[in-house]
Amino acid sequence: MKSVPDQSNPKPLDAAERRWLRRYGWLFPVAGIPLGLWIGRHVWRAVLLAPTAAAGRADAKGLVIGLAIAALPLAWLAGLWIERRWPRSLRWPAAPVLAALLVWLADGLLRTDLGQSLFWQAVLARSGQQHQAREISLFRLEAADQAAAPRPGVVLAGSSQLVYGIDAQELATQVGQPVHRRAAAGMFPTELVASQGWFDFHPDNRLVLMVSGFDLGARRDLYPEAIRPLATASGLRNLLGAARARFLLRHWRAWIDLGSAASCEFWRSRDYARFVLEHPFRAAADTAPVAGAALENQKDGYSQLGANREMVELCQRALARFFADMSGCCRQIVVLEGQVNPTYPGGELAALSREARDFLLRQQRLGAVRFVPRETQGLELPEDLWRDMTHVGPEGRRRLTEAFARALADPPAAESPAP
Amino acid sequence: MLFNSLDFALFFLVVFAVYAALPARGQNRLLLVASYFFYGCWDWRFLSLIALSTAVDFAVARGIDRNENPRRRKGLLFLSMAVNLGILGFFKYFDFFVGSAEALARTLGFDPPGLRLGLVLPVGISFYTFQSMSYVIDVYRRQLQPTRDFLDYALFVSLFTQLVAGPIERAAHLLGQIARPRRITWDGIQAGTWLFFWGLFKKVVVGDNVATWADQVFSGSVAWTTGSVLLGVYAFALQIYCDFSAYSDMARGLGRFLGFEIMINFRNPYFARNPSDFWRRWHISLSSWLRDYLYIPLGGNRRGPGRTYLNLLLTMVLGGLWHGAAWTFVFWGLFHGLLLAVHRFIRGEASGRTKPSGFGIVWRRLAMFHAVCFGWLLFRAESLRDVGGMLAALVGNPGWSAACSAWTFQIVFLSLPLWFVQVLQERTGDSLAPQRLSLVPRTLLYATTAGLLLLFANTGSRAFIYFQF
């Protein structure tokens, strides 16, 4: 058992690389072009996990990929030639800088229409029974679509109460405007505010939210894994601005995580990149959510509604900033007072509901939002219309959609209730 | 405070900034305080153990050096051994031996009282006690002059870069570096950056991700079939290598930043062609420790073949037990001891043969890799019953599920850069070879690892496996 000495050798490997290129360099064009064409032909099939009309075409993109692979030995030789002429001090930093540039370019590619479409279609195709993956991919695909060709409409933002509670097509028919769904499970105020950048794509939009005491008190803490997939720079700025110094300090790790997500698409999409990697050949079969920890925390939050006053206050301050910002980016913000199953067991719910209403009335007085309280919604949702404690069933969905349509019609003269 | 945590990044940035501004003596004091702080972050109560081990071994080594009387020298050596092995034995093995004795007593029809204490194992205890013991033994053997500076010695035992999971440094190598002034150099920062980030990649992209499948298989939450067990064992082989060697790489990288040269602990072990080659490549600091302080004192290969085989078995069983207090580790050690003994026997019989061809080398590497994998099955299984169950499934329950295909894809995809770098390191014999590549391959390698880190780094803060040893 004698140990081998370290054979550290500071000499570059130029000569060995040249030898290698002379011996195997021809493989790059010979194998690279067919490989590129093959990738071009099969990429959509691999993304969608199903044959598509585009699958049989050897398109130009495949050829570009093939040529890029074929050209690698030339680039490699050029690199060897350039480096030989560089001073030693430039040799080491050049590669990390170029690598950072490559990663930045790849991140930019992922942000393009094609990148977003490929990536989120891949997530959607694999989502199976995993609601969170399906909702987030639909959210991002629609957002990418809007970014490419913005057209004004009703932007529906909120949590799973809206995902399952509103029939977007029916609502579009009733209000006579396109409805852009920007809702996802677990999108409580902290997540909503952090997602701000996805809502401000057209100045003629009407942003519609549903906020209740339940939303204010549902989060017991800041959950970066729940915020990360939708984090945006403008939203994060408002969230940071709303937080007290002690809260900021205590959650410094989360801010770094979310800051990275807001500025880097790779980091923001990482949970779903892993999801695709975990399901390369077929859709997810089980019903376990992608962000398991996030949903566990969410359930925890239900049982301890409003337990963390700090979070309740953060939600209000963050929403106030969000409203102030968004009122300058869209035509109108309409906030409907939300509700939950009348049998909801949370003891804190009544106090939180009062607090939410007071907050929204204050926002209305400031001119930031148009608040539609429950009394004026004309909406009755007795216990039997609820699927569970927070989500309505089919009949509740129909009624809730109608209530939204009414609220989005021209507002009646006197809407404000007594506080 | 894990190396792959933001807390550690902040800690190291602060330490490095202050370190760079201090003179040599001040640097050592700072590192000592930082190391105790680092260790205290795991559990401050165990600081007393490391301090006790340090104080005893420092004083004993001085005493041995001053004494010429062989009996007194030996007595002092035994005192050091008793303290170090006493601490290690109590915290690590007390519950194991008492539990085993209780089980045996129950088998024989007795009703023994429950004497197990449910002790918490201090992080890194096996590493720093072995490091400290090697110093005393070296002084006893007159291979090393003891240091006169207690603080330098305390830093040698506790240096945070390799305190909790090795490498198990030798005083002859590290203590001299501590005593000498060190310089922060551009070359050191370059090498340190590569080693740290490469370690980070291995740990959070490969090790922690493939661990999910290994955990599912070994915990039995996935049905055991030929496919699932085989893939589970491969996944664990990759996990334990990426996890442990990552810690060593990161330790070496951090050391380079601070001007230290920490020893190499892994040298592409899965490229080994035979058991003896494997142990020259895997956990080199432990295998060389066991060779120098156990195998050779037992007689090594100087007392005939029979005694050599026995010494190999004994050394490897104790090496297995070093990893943890469980019968699975004992059998793992025994298995490797047998491999070494059999290899030694065959090598003796075939000493006249020619060197193997290219195919022969590949075949030997594959065979050795699978022998090591069998060892990992013993090592990772939660009980000997599970070992039997998994082996039975491996040979008697053929099957390949969709999950196996998905995990094969994942394992291959995530570990591609790993194999590329390992082949390069193996062919050049240099762990820093990727740094010597020219612009284009180096850029592509850095960009690929950075991209994979951003997309697939497992941020679940899974502790390094070897922390528990």
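Predicted model: local features only at pLDDT ≥ 70, side-chain atom pairs only at ≥ 80, totals over all residues.
Student: OK, how is chain B divided?

Tutor: Chain B has domain 1 (6-182) and domain 2 (188-273 + 356-468), with bounds from an automatic or database domain assignment. Their centres, taken over C-alpha atoms, are 29 Å apart.

Student: And how many residues of the two domains are in contact?

Tutor: 26 residues of domain 1 of chain B are in contact with 19 residues of domain 2 of chain B (contact means heavy atoms within 4.5 Å).

Student: What area do those domains bury between them?

Tutor: About 1900 Å², 74% of it on carbon and sulfur atoms; buried area is the accessible area (1.4 Å probe) that two parts lose on being put together, summed over both. On the domain 1 side, B:T161, B:A165 and B:P167 supply 27% of the area buried against domain 2, more than any other three residues.

Student: How many salt bridges between the domains?

Tutor: The count there is 0, a salt bridge being a side-chain nitrogen of Lys or Arg within 4 Å of a carboxyl oxygen of Asp or Glu.

Student: Switching topic: what does the contact between the chains take from each?

Tutor: It takes 49 residues from chain B and 45 residues from chain A. Together the chains bury about 4400 Å², 66% of it on carbon and sulfur atoms. In chain B, the residues losing the most area to chain A are B:R436, B:L439 and B:L454, together 16% of what that side buries.

Student: How many salt bridges does the rule find across that interface?

Tutor: The rule finds 2 salt bridges between chain B and chain A. A:R253 forms a salt bridge with B:D7, with the closest N and O atoms 2.4 Å apart.

Student: Nice. Which element gives the most to chain B's side?

Tutor: α18(B) does, with 14 residues; helices (H or I, at least four residues) are DSSP runs, numbered from the N terminus.

Key: Residues numbered from 1 in each chain as written. Chains lettered and ligands numbered in written order. Heavy atoms only, no water. Helix = DSSP H or I, 4+ residues; strand = E, 2+ residues; numbered from the N terminus.
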